[in-house]
Amino acid sequence: MKRRDFIKAASLSAAALTVPGCTYARRRSAKNSSKPNIVYIMLDELGYFELSCMGNKYIETPNIDRMTTEGIRFTQALAGGPVCAPTRCTLMTGLHTGHATVRKNSQTWPMRAEDVTVAEVLKQAGYATGGFGKWGCGDRGTTGVPEMHGFDLFYGYYNQTHAHSYYPYYLVLNGEKVPLEGNAGDFGKGQQYSHYLIFDESIKFIREHRDRPFFCYCAWTPPHGRWEIPEDEPAFQELKDKPWTAKKTTPDGARVYAAMVKMVDRQVGRILALLKDLGIEDNTIVFVCGDNGGNAVFKSSTHPNGFFSPNGGVFRGNKGNLYEGGLRIPMLVRWPGKIKVGVVSDFLWYFPDVMPTLAELAGVKPPDNIDGISIVPTLLGENVVGRKQKNHKFLYWEHGSQVAVRMGSFKAVKPGKNKPFELYDLGKDLGELNNIAAENPGILAKMTKYAGQSHTENLIGEVLDKEKRFMGHKAR
Ligand SMILES: [Ca+2]
C-alpha cells in the first residue's frame, strides 16, 4: 500500500468509527465523561534512572519530569518480563509469564487466538483502540496479530527484529505492509524515519477520537537500538558535539541514544499539549513507563554500569535477567483533577495489573482468570473509590530457566538452570547483594511453593501464513 492509500485507508477506518462515535459522544456528555481516555506510552528500554528528575546527569527530560509534579511516580512498578515480547504479552493479557503465551523473544511464538487483550476488554466498553510502535506478540500471518486482538488500528512493527531498523522498507498497518518510499532496508539511512511516522499516527489517532473514549497504546521503540536518528533531528543537533566517548556500534552511539530519549521526551510533551488543546486533558489518564529494566549500553571500564547508568548503580543486573535491574522501570501516571499531584508511591505492582486497572477505569469487567489486580484505589484514592487497595500475595516471573518471586519485601531469584534459589530482603538490601536463603528456609520454602504453582505449560499460537512473516531487513 502506498502512503497515500494508507492515509485514505486510515481515514476510512476513522470515518467508520465516527458513525458510532456520535452515539458515544452523546452518551459521554450525558454521563459526564465517565469513561476516561487512556494514553499508555511505553518507551522501549528507558531506564529507571535515565530521567533528569531521577538525577541523570547527561539526559534532560523536562516533559516526562513534569509528569512527576503533575501526577504520581511509582518506585516499585515492575515490568512483566525482562525483555520486549513477554513483557508486552503480560501487559496486554493481565497474565504473568508463568501463564502468558509469549514468554520469550521468539519471533515464532505468537499469542493464541483465544488470548484476551486489554484492547478487547476496552472495546467492549465502547473504546476506540489504536496501537503504535512495536507489537511483539505475533508476526504477520499468525494468531497473535493486533487486529485479531481488539485493535481497530495498529501501525508499526509486528516483529521485534523488524523494529531494530528505524529506516525499514515498510511498516505494517492492520496486517498490511506500508512501503516507506526512499528506504532500502539499510541500517541508519533512508528517507523516512519510522518513529516520526509512528508518532504522527499516534497524534492523529488522538485527534480523530477526541469525541469518544479512546485507548491509545504508544509502544514506541526509542530508545531501543539500533541507535539511529536523523541528522537534523533537533535533539541530535543539540547533543551532537557532546564529548561523550562511549563506543558501541557507531562512534555517535551515546549521543544518538541521549537524543532519542530527548526526542521522545519532547513527543510526550506534545501529547500532553495536544490533550490540553483538544480540551480533553481532564478526562484523559496518561501513563509513561519503560518496558523492561534498563539496558546497560555503552559499557566500558570507566562506565561499568553503562554510560547513562540506567539502573543507577543501585539495582543488580539489567535487561534480560530477573534481578531488580531487569524489572524496575520508570512509571508515571497523570490525570489532572483525579490523581493527586507530586506523589511518590512505593506500592508494589507490575504489568499484569494494567488490564484490570484500565478495565475498572472503563467500567467493565476483565476476564476472571487473570493474575493482575486493579490499582485504581492507589491511583484515585481509597476514599474516592470506596475500598482498600488490594495487595498481591506474591508476584511471579519466569524467563527461560530463570525464575523470580516477590512477596512483600522478599525476593526469591533462581538465576539460571541448576542454580539454587537466592533470597533477598529488598527492604534492607535493594542491590540484592546479601543472599539470606540459608537463614530463612521457611520463607524461601513458601516462595518456591508459589513459584511451583505459578508455572503452566507454555501453549503457542498458530502460524496461519508463514509467507507473511518478517523475512529480514533486506526483504520487501
Ligand atoms: Ca525492551
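Contact, as used for the touching residues in these legends, means heavy atoms within 4.5 Å. The model shown in every view is predicted.

Figure 1. N321 is placed in the loop that runs between β9 and α8 (324-327). Leaving aside residues up to four places away in sequence, N321 touches P82, R316, G326 and Q402. A polar atom of the N321 side chain lies 3.2 Å from the backbone nitrogen of Y323. For orientation, G442 is 121 residues from N321 in sequence, and the two are 25 Å apart in space, C-alpha to C-alpha.

Figure 2. The donors from the protein are D44 (OD), E45 (OE), C84 (SG), D291 (OD), D291 (OD) and N292 (OD1), at 2.2 to 2.8 Å from the calcium ion. Along the sequence the donor residues follow the spacing D-E-x38-C-x206-D-N. C84 belongs to helix α3 (residues 84-93) and D291 to the loop between β9 and α8, so this pair ties together parts that are 207 residues apart in sequence. The arrangement is irregular because the six donor atoms subtend angles of 50 to 154° around the calcium ion.

Figure 3. Strands of a sheet pair through backbone hydrogen bonds, either parallel or antiparallel.

Figure 4. Strand β1 is mostly covered, with seven of its seven residues buried. In a regular strand the side chains alternate between the two faces of the sheet. In β1, N37, V39, I41 and L43 point one way, while I38, Y40 and M42 point the other way; all are buried. The pairing of β1 with β9 is parallel and comprises seven bridges, and L43 is found opposite G290 in β9. The pairing of β1 with strand β8 (residues 214-219) is also in the parallel sense, over four bridges. Towards β8, V39 stands opposite C216 and I41 opposite C218.

**Figure 5. Helix α2 against the strands.** Within α2 (residues 62-69), the buried residues are N63, I64, D65, M67 and T68. Their cover includes β1 (37-43), β2 (72-74), α7 (253-277), β9 (284-290), β10 (331-334) and β11 (343-345).

Figure 6. Strands in the order β13-β14-β15-β16 form an open sheet with antiparallel pairing. At its edges stand β13 (395-399) and β16 (422-425), each with a single partner strand, so one side of each is left without a neighbour in the sheet. Neighbouring strands here are turned by 15° against each other on average, direction ignored. Helix α12 (residues 441-454) lies across β13, β14 (402-407), β15 and β16, and its direction makes an angle of about 120° with β14.

Figure 7. Strand β15 is mostly covered, as five of its five residues are buried. F410, A412 and K414 point one way from β15, and K411 and V413 the other way, all of them buried. β14 and β15 run antiparallel and are joined by five bridges, with K414 in β15 as the bridge partner of V403. These two strands form a hairpin with two residues between them, and G408 in the turn has a positive phi of about 60°. Strand β15 (residues 410-414) is also joined to β16 by four bridges, and these strands run antiparallel. Towards β16, K411 stands opposite Y424, and the bridge partner of F410 is D425.

Note on methods: Residues numbered from 1 in each chain as written. Predicted model: local features only at pLDDT ≥ 70, side-chain atom pairs only at ≥ 80, totals over all residues. Heavy atoms only, no water. Buried < 20%, exposed > 50% of the residue type's maximum accessible area, 1.4 Å probe, protein only. Polar contact = N/O pair within 3.5 Å; in protein donor to acceptor, adjacent residues only side chain to side chain. Donors = N, O, S within 2.8 Å, 3.2 Å for Na, K, Ca; no water. Tetrahedral: all angles 85-135°; square planar, octahedral: opposite > 155°, others 65-115°. Pairing = 2+ DSSP bridges. Axes fitted to C-alpha atoms, helices over the stretch in contact; angles between N-to-C directions.
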